[in-house]
Amino acid sequence: MRLTCPLCGARDRREFTYQCDAVALDRPAAEAPPEDWHAYIHLRDNPAGETRDLWYHDPCGSWLVVTRDTRTHAIHATALAAEVKR
């Protein structure tokens, strides 16, 4: 599998570390009620199909949001996490 880093170009998957679902970028505010934090920390979907994942590119230190299909592992898009609209 190859991923495209917006800064470095197409690279082998071994240069990247999968972290989690990109929902981690949508964490609640510090003053959010406990129910919101419970849902954020403990309730996760396990979809078959298109997902947004958070990956770390080790050589350049970039955090990426990767849109891929969990059934085929086809990569549809990559973007710097700092530039992704939440």
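Modeller: The side chains of Asp12 and Arg14 form a salt bridge, with 2.7 Å from N to O. The term salt bridge is used here for a side-chain nitrogen of Lys or Arg within 4 Å of a carboxyl oxygen of Asp or Glu. The model is predicted, so local features need pLDDT of at least 70 and side-chain atom pairs count only at pLDDT 80 or more, while totals for chains, interfaces and linings use all residues. Residues are numbered from 1 along each chain as its sequence is written, and side-chain values use heavy atoms, with hydrogens and water left out.

Asp12 is partly exposed at a relative accessible area of 26%, and Arg14 is exposed at 72%. Buried stands for under 20% relative accessible area, exposed for over 50%, and partly exposed for anything in between (1.4 Å probe, protein chains only).

Four salt bridges turn up in a search of the whole structure. Another of them joins the side chains of Asp53 and Arg68, at 2.5 Å from N to O. This pair links distant parts of the chain, 15 residues apart: Asp53 belongs to strand β4 (residues 50-57) and Arg68 to strand β5 (residues 62-69). Strands (E, at least two residues) and helices (H or I, at least four) are DSSP runs, numbered from the N terminus. Both partners count as buried, Asp53 with 3% relative accessibility and Arg68 with 12%.

Asp69 forms a salt bridge with Arg71, the closest N and O atoms being 3.2 Å apart. Here Asp69 is buried at 11% relative accessibility, whereas Arg71 is exposed at 58%.

The strands come next. An open sheet of four strands runs in the order β3-β4-β5-β6, and the pairing is antiparallel. Its edge strands, β3 (16-21) and β6 (75-80), each pair on one side only. From one strand to the next the twist averages 30 degrees, with axes taken as lines fitted to C-alpha atoms (for helices over the stretch in contact) and angles running from 0 to 180 degrees between N-to-C directions. Strands count as paired if DSSP finds at least two bridges between them; β5 and β6, which run antiparallel, are joined by five. Val65, for example, has Ala79 in β6 as its bridge partner.

The rings remain. The whole structure holds three aromatic pairs, one of them being Trp37 and Tyr40, edge-to-face at 5.7 Å centre to centre with 90 degrees between the planes. For such a pair, the ring centres of Phe, Tyr or Trp (its six-membered ring) lie within 6.5 Å; planes under 30 degrees apart are stacked, over 60 edge-to-face, and the rest tilted. Trp37 and Tyr40 are three residues apart in helix α1 (residues 34-42), so about one helical turn separates them. Trp37 is partly exposed at 25%, and Tyr40 is buried at 16%. Tyr56 and Trp63 make a tilted pair, 4.9 Å centre to centre and 55 degrees between the planes. In that pair Tyr56 is partly exposed at 25% relative accessibility, and so is Trp63 at 38%.

One more charged side chain belongs here: Arg44 lies over the face of Tyr40, 5.5 Å from the ring centre. A charge sits over a ring if NZ of Lys or CZ of Arg is within 6 Å of the ring centre and within 35 degrees of the ring normal.
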